[in-house]
Amino acid sequence: AKPGLEGLFEGDPFAGPTVQRAADPVAKTGAARSGALRPEDVELRSGRGLDYAPLRDLLAAGEWQRADDETRALLIRMAGEAAEERGWVYFTEVKAIPAEDLQTVDRLWAAHSGGKFGYSAQRQLWVKNRRQWGPFFQQIDWTTGDNAAYRKWPAEFLYDLEAPKGHLPLTNCLRGTQLFTEVLEHPAFAPKDAKGKGKAKKNLDRVSFSL
């Protein structure tokens, strides 16, 4: 039987370094892809005073899994002191994250992957799938096999440019999808209407959960 969302990202997301599959030495990053945002054009802006140079350097080196770990740690710091003390992000804290911080992280991922990775790429596919998590997870390859079983974190996820569009960065959906919803519907990425308000959210579950 197909497991529920609680099966996604099993394990401790803060368990320390893990061994990753080596990146292709010929194509570690997608930065040179035609028409893509160039890494040198990404300003490392932060409304929280955070340093995004380590993330930039990991992405430039094609260290995708380490960059994913760094992104997860940065999101906790973006969310504020309470999240740092707790060690994870509560979904209601996402609204207070400065747009410039989420955009910096997103643009770094996009620039170094030729537009393949990042929150904007994920949002595009999520909206294309009518905000339905099952088809969306299948398209970004977070599920596998005929029964669409969820991959186990971290070993079964893909950390190179052979991964499908939107596969990275990872967001823990261990107890539901509300945090991921808040990130994808954040004003940093959601289109604005004529009155300047963010597009109405369509929360598909009501379960609170952590990163």
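Helix α1 (residues 53-60) and helix α4 (residues 99-113) meet through Leu-55, Arg-56, Leu-59 and Ala-60 on the α1 side and Val-105, Leu-108, Trp-109 and His-112 on the α4 side, contact being heavy atoms within 4.5 Å. Sorted by class, this contact has 6 nonpolar, 1 polar and 1 charged residues; Ala, Val, Leu, Ile, Met, Phe, Trp, Tyr, Cys and Pro go down as nonpolar, Asp, Glu, Lys and Arg as charged, and the others, Gly among them, as polar. The model is a predicted one, with local features needing pLDDT of at least 70 and side-chain atom pairs pLDDT 80 or more, while totals for chains, interfaces and linings use all residues. Numbering runs from 1 along each chain as its sequence is written, and side-chain values use heavy atoms, leaving out hydrogens and water.

As for geometry, the α1 and α4 axes come within 9 Å and cross at roughly 15 degrees, so the two helices are roughly parallel (angles under 35 degrees). Axes here are lines fitted to C-alpha atoms, for helices over the stretch in contact, with angles from 0 to 180 degrees between N-to-C directions. Helices themselves are DSSP runs of H or I, at least four residues, numbered from the N terminus.

Over in helix α5 (residues 119-128), Tyr-119, Ala-121, Gln-122, Arg-123, Leu-125 and Trp-126 are buried, meaning under 20% relative accessible area with a 1.4 Å probe, protein chains only. These buried residues pack against α2 (64-79), α4, α6 (133-139) and α7 (178-184). Gln-122 counts as buried because its relative accessibility is 0%. Leaving aside residues up to four places away in sequence, Gln-122 touches Phe-136, Trp-142, Gly-166, His-167, Leu-168, Pro-169, Phe-180 and Leu-184. Just past α5, Arg-130 takes a positive phi of about 55 degrees.

Methods. Angles under 35 degrees count as roughly parallel, over 145 as roughly antiparallel, 65 to 115 as roughly perpendicular and the rest as oblique. Buried means under 20% relative accessible area, exposed over 50%, partly exposed in between (1.4 Å probe, protein chains only).
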